[in-house]
Amino acid sequence: MQCQECGTRPATLHFTKFVNGDKTELHICETCAREKGELLPGTAGGFSIHNLLSGLLDFEPRNQTVRPAVKCDTCGMTYSQFSKIGRFGCSDCYRHFSERLDPLLKRVHGNTVHVGKVPKRAGGHLKTKREIERLKKEMQSRIEREDFETAAQLRDRIRELENEMSG
């Protein structure tokens, strides 16, 4: 694809802008982008994933009281440092910053629990655990609906799966 500005060089940057619900796509070369003043990824003042993450981490809902500074007891990293660096200091940071991370993860991913795919080779036990959890929820639902026969069948299936995992 050729640059939409100069028409001579190949378009290496592809921008999609949404302004008031209107979508505009721009395919331009790096030279024309510099001339137009567009922000280039990886350059000074350019957009980066870190800038996006920092913006999300600094998000505080309106009308909320100021929170005290949170600090990891293990490595000493503060939440403020984490939001600037974009990386944790140690694995315990997840636990120490969970109060602030949970709303962020829910906003970004829609959930705070990973429900993605599991590799077939390594995920046998995890798949079985998830199946047991699903069956337990279904069994509880059947009990609430007083469908005790189906609930008993689900209970038996749960026991089979638990025995397979332990043996």
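**View 1. Arg-155 and Asp-156 form a salt bridge.** In this predicted model, the closest N and O atoms of Arg-155 and Asp-156 are 3.0 Å apart. Arg-155 is partly exposed, with a relative accessible area of 35%. Asp-156 also counts as partly exposed, at 35% relative accessibility. Side chains of opposite charge can pair when their charged atoms come close.

**View 2. Glu-138, Arg-142 and Asp-147 belong to one network of salt bridges.** The three residues are joined by salt bridges that share partners. One of these bridges links Arg-142 with Asp-147, and its closest N and O atoms are 2.9 Å apart. Arg-142 has a relative accessibility of 23% and counts as partly exposed. Asp-147 is partly exposed too, with a relative accessible area of 23%.

**View 3. Asp-92 forms a salt bridge with Arg-95.** Here the closest N and O atoms are 3.6 Å apart. A search of the whole structure finds 8 salt bridges.

**View 4. Helix H6 covers residues 124–144.** The helix has 21 residues. From its first C-alpha to its last, H6 reaches 30 Å, close to the 30 Å expected at 1.5 Å a residue. After H6 comes Glu-146, which has a positive phi, near 60 degrees.

**View 5. The buried residues of H6 pack against helix H7.** Which residues of H6 are buried? They are Thr-128, Ile-132, Leu-135 and Met-139. These residues lie on the same side of H6, because they cover an arc of only 70 degrees around the axis. Lys-137 and Glu-144, on the other side of H6, are exposed. Helix H7, the packing partner of the buried residues, spans 148–166.

**View 6. Residues 129–164 carry a coiled-coil annotation in UniProt.** The feature name in the record is "coiled-coil region", and the entry is unreviewed. In the model, the span is 92% helix and 0% strand. How far apart are the end C-alpha atoms of residues 129–164? They lie 11 Å apart.

Key. Residues numbered from 1 in each chain as written. Predicted model: local features only at pLDDT ≥ 70, side-chain atom pairs only at ≥ 80, totals over all residues. Heavy atoms only, no water. UniProt positions renumbered as here; feature names shortened; annotations may be inferred. Helix = DSSP H or I, 4+ residues; strand = E, 2+ residues; numbered from the N terminus. Salt bridge = Lys/Arg side-chain N within 4 Å of Asp/Glu carboxyl O. Buried < 20%, exposed > 50% of the residue type's maximum accessible area, 1.4 Å probe, protein only. Expected span 1.5 Å × (residues − 1). Arc of directions from axis to C-beta. Contact = heavy atoms within 4.5 Å.
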